[in-house]
Amino acid sequence: MKKLLQIQQMIYNRSDFKILDQKVNNKPLIYFDNGATTQKPQVVIDAITHYYETINSNIHRGVHSLSQIATEQFEAARRSVQNYINAKHTHEVIFTRGTTESINLIASSFGREFLNPGDEVLISEMEHHANIVPWQMICEQKGAKLRVIPFDENGVLQIELLDQLITSKTKIVAITHISNVLGTINPIKLIIDKAHSKGIPVMIDGAQAVSHEKVDVQALDCDFYCFSGHKMYAPMGIGVMYGKEEWLNKMPPYQGGGEMISQVTFEKTTYNELPFKFEAGTPSVGDVIGLQKAIEYIQSIGVEKIAEYEHQLLHYAMQKLEQIPGIQFYGVSPQKVAVISFNLGTLHPYDVGFLLDQMGIAVRTGHHCAQPIMQKFQIPGTIRASFALYNTKEEIDFFIEALHKAKMMLE
Ligand code: C6P
């Protein structure tokens, strides 16, 4: 009965997403590309429109009323994020453009201050390019080395190798909370505790986690946690870099410009306090307000309830998919979110994706910005279906039928 009520609640929430009520290629849209970006509920769209219709103003600078209202709302949004991830201090929440910018900020700033020739940065084999390339870039500059924790054939990290891989040269561990390809939920608490026992800080890429898992940065004790708004029902172009105060105070600014300064002369510039030291230039105020609304929206349902419902969808889809002859899954960890990567025999993922699109179904195909995972499995790419709170079992049924049809047409 409880489960039924939850399903009804989610279906009720579906009406908050008008975009889902359309036809694509003359077929009702089935949106299974939530790992790439989620759709936005009406309250988020309304909040952004309201901001531009009534408040739009630059923040922290003006004495005039609109500027003050905009500043108050911007800072209130920061407190919402703080509350959502349970950060100790509001000033530990830095607004960025998204996960990519958050990780670039940390790699560049932490790397400049703390990496030296011969040092090591430990990442995993299942990272998105956003958590590989910035570290490679700073390692190249500093003469440091990237080391990699492998995963096994089920898509589970081989954490038994951690003791070998964390060495006296390791300066930071940067790891994804949830893989965008495999769906694996990594044991990040265990990794954090292990790294901390050797005095090493840990950065978590939370892009695929924040709207599917309860995240408590104090309970995790992570040193940095990065995420994007657009994967959690908020606008594109806004994200968060959480960092512990003690690290942020020791790190140099990432970009120079307005707001991040205390005083500027041609001889020397002194920097502003946290969080402003890391927020150069005019921020995307309307999007920050949209992010706050998205957080309120998630909280009004409950992230645990969303997780449970998505898990039901995952379970239902896997049972049906497993019956398709020749299907090959990538990522079957027992700890997994509703991200399913697979291929149908030797069919090219792009061909299947194209036919699914003709039937109104949006999935992602390709390497999903995680080429090392493709190299490991020796495949060009996968078909990826990723669910969100508004997806339904009926959509999954239609998806399965569509896969059978695509298979028949292509084989
Ligand atoms: N993954 C996907 O379809 P940005 O683009 O900055 O919002 O997020 C980058 C990023 C970082 N880490 C992980 C684990 C991610 O999944 C992503 C974005 C999208 O899987 C786009 S490639």
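1. For the residue classes used here, Ala, Val, Leu, Ile, Met, Phe, Trp, Tyr, Cys and Pro count as nonpolar, Asp, Glu, Lys and Arg as charged, and the others, Gly among them, as polar. By these classes, the shell around the ligand holds 4 nonpolar, 9 polar and 4 charged residues.

2. The model is predicted, with local features needing pLDDT of at least 70 and side-chain atom pairs pLDDT 80 or more, while totals for chains, interfaces and linings use all residues. Residues are numbered from 1 along each chain as its sequence is written, and side-chain values use heavy atoms, without hydrogens and water.

3. The ligand is surrounded by 17 residues (a heavy atom within 4 Å of the ligand). The closest are Thr100, Asp205, Ser228, His230 and Arg364. Domain 1 (2-41 + 302-410) and domain 2 (45-299) each supply at least three residues of this shell; the bounds come from an automatic or database domain assignment.

4. A polar side-chain atom of His128 lies 3.4 Å from a ligand nitrogen, and a backbone N or O atom of Thr99 lies 3.5 Å from a ligand oxygen. The protein covers 88% of the 510 Å² of accessible area that the ligand has on its own (Shrake-Rupley method, 1.4 Å probe).

5. Which space does the ligand take? The ligand sits in the largest pocket (more than half of its atoms within 2 Å of the grid points). A pocket is an open set of points on a 1 Å grid over the protein atoms alone, with protein on both sides within 12 Å along at least five of seven lines; lining residues have an atom within 4 Å of a point.

6. The volume of the largest pocket is about 310 Å³, taken as the space filled by probe spheres set on grid points joined across faces, edges and corners. Of its 24 lining residues, Thr99, His128, Ala207, Ser228 and Lys231 are closest to the centre. Because domain 1 and domain 2 both give residues to the lining, this pocket lies between them.

7. The second largest pocket has about 250 Å³ of space. Its lining has 16 residues, with Phe95, Thr96, Arg97, Glu101 and Ala280 nearest the centre.

8. There are 3 cavities of 30 Å³ or more (a 1.4 Å probe fits but cannot get out). The largest cavity holds about 60 Å³, and its lining includes Asn34, His212 and Glu310.

Conventions. Polar contact = N/O pair within 3.5 Å; in protein donor to acceptor, adjacent residues only side chain to side chain.
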